[in-house]
Amino acid sequence: MLSSKVTATIFSSSSTTLLFTKSKILSNKFHNISNPLNNCGKSIKWNCNKSRMESAKSRIVTKASSAQPLTNPGELIDSVETFIFDCDGVIWKGDKLIDGVPETLDLLREKGKRLVFVTNNSTKSRKQYGKKFETLGLSVSEEEIFASSFAAAAYLKSIDFPKDKKVYVVGEDGILKELELAGIQYLGGPADGDKKIELKPGYMMEQDKDVGAVVVGFDRYFNYHKIQYATLCIRENPGCLFIATNRDAVTHLTDAQEWAGGGSMVGAILGSTKREPLVVGKPSTFMMDYLANEFKIQKSQICMVGDRLDTDILFGQNGGCKTLLVLSGVTTLSMLQDPKNSIQPDFYANKISDFLSIKAAAV
């Protein structure tokens, strides 16, 4: 359980404000507390009467210097205690393992490094991802895996989400399983995938008034019913949270091409509600803070390895970690070196198996 409390600034047009925390109601007071979802000092404003939650705009400062090719992997390995790896585009593409991954992970473990795997893909739970690693021939424990599905449940637990409230899920089985493990009531998910709306004169959809949060993740069963139901909950249920597991534009469902990512589902709900979501996956620092607390890791002793600039690399930089971009996934060398790109990792390599060059040099 995350030790630091997650709270929010509460404001209201009336004279009374409410904040639910540990089943107590605090009234007539404003509360300004840091938001662990944010690394840049943003504050969360929650208006229970208007059912609005907004993130104040902030400026993320990124490194101006250009990324350097990884010419001395041994030096990087020796400089940190922990490697955090993204999965899609780094460890695998679709259901195909990227060349050299098993040998690279073995090398790092031999050198006493802690390995953690963080993915924005919310379709699976930690346990389900453990089975995927096993299927691909990789020995990875469930405790080393952190998916955005888990992050959504962990965030709700960290804010003492009321026991009498429910979560409406736009997403797949991974989110449902993690919510269930956290003891949080839910509805929606794949069960709503076949639901259709028959627009008759006078028809009105009704939503469950006990829904206190809508969690949106990647959803291959996305439909208009889900959009409308989520919209009603967010717009009409007082204080209802809008939580996104991630806003990735694309994902790797197969190794043949890129596919529309979870950001497309989040964007649809954002468009109908005019509300910015709270993002619990990368590049939000919520998972980084959770990991640092869970494993008692100093962030300066972490290297974040990923294939996306705007999620993986930003995630590492926001957390104060070293960063390594691999070109085996979304980002190409031309994208990295584009003058318009302001996100520069410390190093870049073709793929994580470039670490193996230190083993070859030693022979």
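Pro283 sits in the loop between strand E18 (278–279) and helix H8. In this predicted model, the peptide bond from Lys282 to Pro283 is cis, with omega near 5°. Helix H8 covers residues 286–295.

**Overall makeup**

The protein has 11 helices and 21 strands. Its length is 363 residues, and 53% of them are buried. Among contacts with a separation of 6 or more, 70% join residues 24 or more positions apart.

**Helix H4 and its surroundings**

Helix H4 runs over residues 148–158. Of its 11 residues, 10 are buried, so H4 is largely enclosed by the rest of the structure. The buried residues are Ser148, Ser149, Phe150, Ala151, Ala152, Ala153, Ala154, Tyr155, Leu156 and Ser158.

H4 packs against H8. Their axes come within 11 Å and cross at roughly 80°. An angle from 65 to 115 degrees counts as roughly perpendicular, and H4 and H8 are therefore roughly perpendicular to each other. From H4, the contact uses Phe150, Ala151, Ala154, Tyr155 and Ser158. From H8, Phe286, Met287 and Tyr290 take part. By type, the residues of this contact are seven nonpolar, one polar and no charged.

H4 also packs against helix H5, residues 173–181. Here the angle is about 35° and the axes are 8 Å apart. The crossing of H4 and H5 is right-handed. H4 contributes Ser149, Phe150, Ala153 and Leu156, while H5 contributes Gly174, Ile175, Glu178 and Leu179. This contact divides into five nonpolar residues, two polar and one charged. Phe150 takes part in the contact with H8 and also in the contact with H5.

Helix H6 (residues 224–236) packs against helix H7 (residues 262–273). The angle between them is about 50°, and the axes are 9 Å apart. That makes H6 oblique to H7. The crossing of H6 and H7 is right-handed. Ile227, Ala230, Thr231, Ile234 and Arg235 come from H6. Ala268, Ile269, Ser272 and Thr273 meet them from H7. The residues of this contact comprise five nonpolar, three polar and one charged.

| Helix pair | Angle | Axis distance |
|---|---|---|
| H4 and H8 | roughly 80° | within 11 Å |
| H4 and H5 | about 35° | 8 Å |
| H6 and H7 | about 50° | 9 Å |

**Helix H2**

Helix H2 spans residues 101–110, and its buried residues are Val101, Thr104, Leu105, Leu107 and Leu108. Seen down the axis of H2, these fall within an arc of 155°, so they line one face of the helix. After H2 comes Gly112, with a positive phi near 80°.

Asp160 follows H4. Its phi is near 55°, a positive value in a residue other than glycine. Asp160 lies in the loop between H4 and strand E12 (166–170). Is Asp160 buried or partly exposed? With a relative accessible area of 23%, Asp160 is partly exposed.

Lys296 is not a glycine either, and its phi is positive at about 55°. This residue is found in the loop between H8 and strand E19 (302–306). At 67% relative accessibility, Lys296 counts as exposed.

**A buried loop residue**

Asn246 belongs to the loop between strand E15 (241–244) and strand E16 (250–251). Its relative accessible area is 3%, and Asn246 is buried. Which residues does Asn246 touch, not counting residues up to four places away in sequence? They are Asn120, Ser148, Gly262, Gly263, Val266 and Val279.

One of these, Ser148, is a buried residue of H4. Gly262, Gly263 and Val266 of the touched set fall in H7, which spans residues 262–273. Val279 of that set falls in strand E18 (278–279). Asn246 and Gly281 are 35 residues apart in sequence, yet their C-alpha atoms are 5.1 Å apart in space.

Key
Residues numbered from 1 in each chain as written. Predicted model: local features only at pLDDT ≥ 70, side-chain atom pairs only at ≥ 80, totals over all residues. Heavy atoms only, no water. Buried < 20%, exposed > 50% of the residue type's maximum accessible area, 1.4 Å probe, protein only. Helix = DSSP H or I, 4+ residues; strand = E, 2+ residues; numbered from the N terminus. Arc of directions from axis to C-beta. Axes fitted to C-alpha atoms, helices over the stretch in contact; angles between N-to-C directions. Parallel < 35°, antiparallel > 145°, perpendicular 65-115°, else oblique. Contact = heavy atoms within 4.5 Å. Nonpolar A, V, L, I, M, F, W, Y, C, P; charged D, E, K, R; others polar. Left-handed = near helix turned anticlockwise from the far one by under 90°.
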